[in-house]
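Dear colleague,

I am handing over the model we spoke about, with notes on what was found in it. Please look it over before reading on.

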Amino acid sequence: MPPEPVELQPGQVIGKCEIIREIGRGGMGAVYLARHTTLDVPVAVKILPPLVAYKTPEYAERFLREARLAARIKHPNVLAVMDADRDPATGLYYIVTEFA
């Protein structure tokens, strides 16, 4: 059975990030403002829609590959990637970047 669409709620934790609010949504996911619980800094958390990962599993690998490649870029005009993974509690794939 395909997974239901996800809307994260304030206070929900993904990885080490506590969700504050949604800041954007598009065809390839949603982006949330969150607080990194260890570092105590604001971050942006991009979530891959579960239905996309379910229907096309290679998208999940592409999503994580995007994070790995973006993490190599060091430039003042590019947001730094701080983390990327699959959250064990929810099964959601996510990328954490600095928040600007």
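A pocket, as the word is used below, is found on a 1 Å grid over the protein atoms alone: it is an open set of points with protein on both sides within 12 Å along at least five of seven lines, whereas a cavity is a set of points where a 1.4 Å probe fits but cannot get out. Lining residues have an atom within 4 Å of a point. Grid points are joined across faces, edges and corners, and a volume is the space filled by probe spheres set on the points.

By these rules the largest pocket has a volume of about 200 Å³. Its lining has 14 residues, and those closest to the centre are K46, L79, V81, I95 and T97. Strand 4, helix 2 and strand 6 each supply at least two residues of that lining. Helices (H or I, at least four residues) and strands (E, at least two) are DSSP runs, numbered from the N terminus.

Some notes on the source. This is a predicted model, in which local features need pLDDT of at least 70 and side-chain atom pairs count only at pLDDT 80 or more, while totals for chains, interfaces and linings use all residues. Residues are numbered from 1 along each chain as its sequence is written, and side-chain values use heavy atoms, with hydrogens and water left out.

On confidence: pLDDT is the predictor's confidence in each residue, from 0 to 100. The protein averages 91, and 95% of the residues score at least 70. The mean is lowest in helix 1 (residues 50–55), at 83, and highest in strand 4 (residues 41–47), at 97.

Now the sheet. Two strands are said to pair if DSSP finds at least two bridges between them. Six strands form an open sheet in the order 1-2-3-4-6-5, with antiparallel pairing. Strand 1 (13–14) and strand 5 (81–86) stand at the edges with a single partner strand each, so one side of each has no neighbour in the sheet.

Taking the pairs in turn, strand 2 (residues 17–26) and strand 3 (residues 29–36) pair in the antiparallel sense over eight bridges. A hairpin through two residues joins strand 2 to strand 3, and R25 stands opposite A30 in strand 3. Strand 3 is joined to strand 4 by seven bridges, again antiparallel. A30 has I47 as its bridge partner in strand 4, and L33 stands opposite A44 there. The hairpin of strand 3 and strand 4 has four residues between them, and D40 in the turn has a positive phi of about 55°.

Strand 4 is joined in turn to strand 6 (residues 93–98) by five bridges, antiparallel. Strand 5 and strand 6 form a hairpin with six residues between them, where G91 in the turn has a positive phi of about 80°.

Helix 2 (residues 57–71) lies across strand 4, strand 5 and strand 6, and runs at about 20° to strand 6. Axes here are lines fitted to C-alpha atoms, for helices over the stretch in contact, and angles run from 0 to 180 degrees between N-to-C directions. Contact means heavy atoms within 4.5 Å.

As for burial, buried means under 20% relative accessible area, exposed over 50%, and partly exposed in between (1.4 Å probe, protein chains only). Strand 6 is mostly covered, with five of its six residues buried; in strand 3, six of eight residues are buried.

Two buried residues are worth a look. T97, in strand 6, is buried at a relative accessible area of 16%. Not counting residues up to four places away in sequence, T97 touches V43, A44, L79, A80, V81 and M82. L8 is in the segment before strand 1 and counts as buried because its relative accessibility is 7%. With the same exclusion of residues up to four places away, L8 touches I14, I19, Y32, I47 and L92. L8 and G91 are 83 residues apart in sequence and 13 Å apart in space, C-alpha to C-alpha.

Regards
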